[in-house]
Amino acid sequence: MDIALRRGFIWPSFEIYGGVGGFYDFGPLGTILKNKIIQKWRDYYVFGEGFFEIDSPSVTPEEVLKASGHVDHFLDAMTECQKCGAAFRVADVAREATGKDVEGMSRHEMEQFMQEHRVRCPDCGGELGPVFDFNAMFRTTIGPGAKRVAYLRPETAQAMFIDFKRLQRHARGKLPFGVVQIGKGYRNEISPRQGIIRLREFTMAEAEVFFDPDDPHHPKFSDVASEELRLWLAGDQERGKKLLNEVTAEQAVKKKLVCNELMGYYLALTKRFLIDLGIPSGAIRFRQQTPGQRAHYSAETWDAEVSTERFGWVEVAGLAYRTDYDLSRHAKSSGEDLTVFSADKKRKVMCHVVEPSYGIDRPLYCVLEHALVQEKNRTYLRLKKDMAPIEVGVFPLISRDGLPEKALAVYEGLRGKGLMAEYDDSGSIGRRYARADEVGTPYCVTIDHQTLRDGTVTIRDRDTTRQIRVGIEKLSNVLCSLLRDEVSFMDAGEAVKKRGGS
Ligand code: GLY
């Protein structure tokens with residue numbers, strides 16, 4: 001978090017006014033990293049799966065969210081301190097005090113639990129008041145006056161249900177088919193205390209996979225069938241067992257540990273996506289939500305969780321079997337017939353939905369934490385090369401003798417070739433390498449006196465700190481090949497003997 005704040009990844013929003021809990025800005029490097037995560041997600045879901053992407057408003061009329069169940073069910077149990085007035089989410093304050101999970105309990109049971117375990121205000125030790133429901137949506141009105149109530153969307157998903165008929169025509173009636181949306185979601189969290197992990201405004205990337213309930217088959221399931229999954233079943237959690245079931249995606253489906261083949265497929269795809277971001281497979285598990293934890297629309301939910309040092313296991317994606325809940329509710333509420341023909345055109349069906357829904361902000365935190373390497377002499381982010389916000393640093397060895405001019409020309413040339421390069425001439429060369437390491441820049445190019453003599457520069461590799469020399473005319477091609485792992489570092493140029501401090 002220190003590096004993230006100091007080096008322009010993330011910082012609290014509205015900072016000069018004291019900040020507001022649950023809101024973070026992405027700085028220049030954080031914005032690039034976030035866009036890279038989004039682009040990779042698109043690579044999986046839009047290019048890989050062939051899903052259609054849409055883009056709809058955040059402001060959502062009340063009737064939509066009434067039909068979807070969010071007005072009545074998107075509730076958090078809260079309580080307030082009788083002494084200092086601080087508000088708390090009951091599940092959080094109970095877990096912090098007792099380590100136990102009260103989600104799924106009735107409000108009355110929660111109150112009893114809080115009394116029995118003498119849970120007090122974590123801020124001042126005061127007594128906590130009654131438990132009551134708080135709707136976590138931000139409410140607003142459309143136009144002047146209070147007549148047209150609306151909410152900021154709590155999920156991007158609803159637009160994909162509302163637009164279902166148009167989308168299904170766009171898919172030319174094919175089933176299954178998928179739609180995605182990437183955009184902001186809003187939840188008026190009661191007392192967000194976990195920095196970027198619990199935001200009130202956050203970026204989501206959601207896919208809705210519409211399928212015939214009699215045919216929950218994924219055409220590419222065989223591609224992921226052997227992917228190993230670590231599953232923590234709801235029943236085991238309820239029995240207090242920490243045991244993880246280690247099975248392949250195929251076994252998970254065959255043993256009916258997951259509801260259907262589509263769910264098995266998207267669990268495996270989620271694991272691949274997270275690994276592709278740079279998260280080690282050993283830090284990934286799938287936790288099945290217990291019935292009390294599930295959202296009102298879901299018959300089965302799996303949380304993809306990543307182990308972190310700072311926040312423990314963090315949910316980064318939720319995969320829900322939404323059945324025909326949303327389409328049926330919207331059909332009833334709007335009066336539109338949302339049934340479609342089955343693949344064999346013999347039956348009319350209300351499609352069922354499996355929804356892989358990802359946060360973008362949380363995986364970003366996990367990527368940074370897992371990339372951090374602290375060695376005796378240096379700290380660096382071992383980001384995957386395709387995730388690094390800056391691809392190459394360009395430095396003049398010293399700030400005289402014409403080296404800065406030459407280095408600026410190299411820098412401009414690399415930017416002109418589409419490489420995300422950063423020029424730095426401030427402080428010693430060792431300090432500049434250290435700064436580049438700290439933000440995960442995989443390669444640094446240094447222009448020195450030899451450059452003026454023979455037109456070659458050094459390239460330094462972040463992970464090994466080794467250096468090679470290459471001619472400027474080949475530099476962009478060499479860097480592109482290195483960034484794409486098409487060539488090994490030491491084969492890409494002439495080895496340079498190590499100099500001190502670099
Ligand atoms: N659409 C999933 C969620 O709202 O969490």
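A polar contact is a pair of N or O atoms within 3.5 Å, and within protein one of the two must be able to donate a hydrogen and the other to accept it, while residues adjacent in sequence count only if both atoms are side-chain atoms. The views below show a predicted model, in which local features need pLDDT of at least 70 and side-chain atom pairs count only at pLDDT 80 or more, whereas totals for chains, interfaces and linings use all residues. Residues are numbered from 1 along each chain as its sequence is written, and side-chain values use heavy atoms, with hydrogens and water left out.

**View 1**
An N or O atom in the side chain of glutamate 206 is 2.4 Å from a nitrogen atom of the ligand, and for glutamate 155 the corresponding distance to a ligand nitrogen is 2.5 Å. Glutamate 355 has a polar side-chain atom that lies 3.0 Å from a nitrogen atom of the ligand. Taken alone the ligand exposes 200 Å², of which the protein buries 82% (accessible areas come from the Shrake-Rupley method with a 1.4 Å probe, and for residues only the protein chains shown count as cover).

The structure holds one cavity of 30 Å³ or more, and the volume of the largest cavity is about 30 Å³. On a 1 Å grid over the protein atoms alone, a cavity is a set of points where a 1.4 Å probe fits but cannot get out, a pocket is an open set with protein on both sides within 12 Å along at least five of seven lines, and lining residues have an atom within 4 Å of a point. Grid points are joined across faces, edges and corners, and a volume is the space filled by probe spheres set on the points. The lining of the largest cavity consists of Leu175, Pro176, Asp212, Asp215 and Ala343, which divide into three nonpolar, no polar and two charged residues. The peptide bond from leucine 175 to proline 176 is cis, with omega near -10°, and proline 176 is placed in the loop between helix H8 (164–170) and strand E10 (177–186); helices (H or I, at least four residues) and strands (E, at least two) are DSSP runs, numbered from the N terminus.

Aspartate 76 and arginine 89 meet through their side chains in a salt bridge (3.2 Å, N to O), a term for a side-chain nitrogen of Lys or Arg within 4 Å of a carboxyl oxygen of Asp or Glu. Because aspartate 76 lies in strand E5 (residues 75–80) and arginine 89 in strand E6 (residues 87–89), the pair ties together parts that are 13 residues apart in sequence.

**View 1. Two loop residues with positive phi.**
Lysine 345, in the loop between strand E17 (340–341) and strand E18 (348–349), has a phi near 60°, a positive value in a residue other than glycine. Aspartate 485, in the loop between helix H18 (472–483) and strand E27 (494–496), is not a glycine either, yet has a positive phi of about 60°.

Note on methods
Ala, Val, Leu, Ile, Met, Phe, Trp, Tyr, Cys and Pro count as nonpolar, Asp, Glu, Lys and Arg as charged, and the others, Gly among them, as polar.
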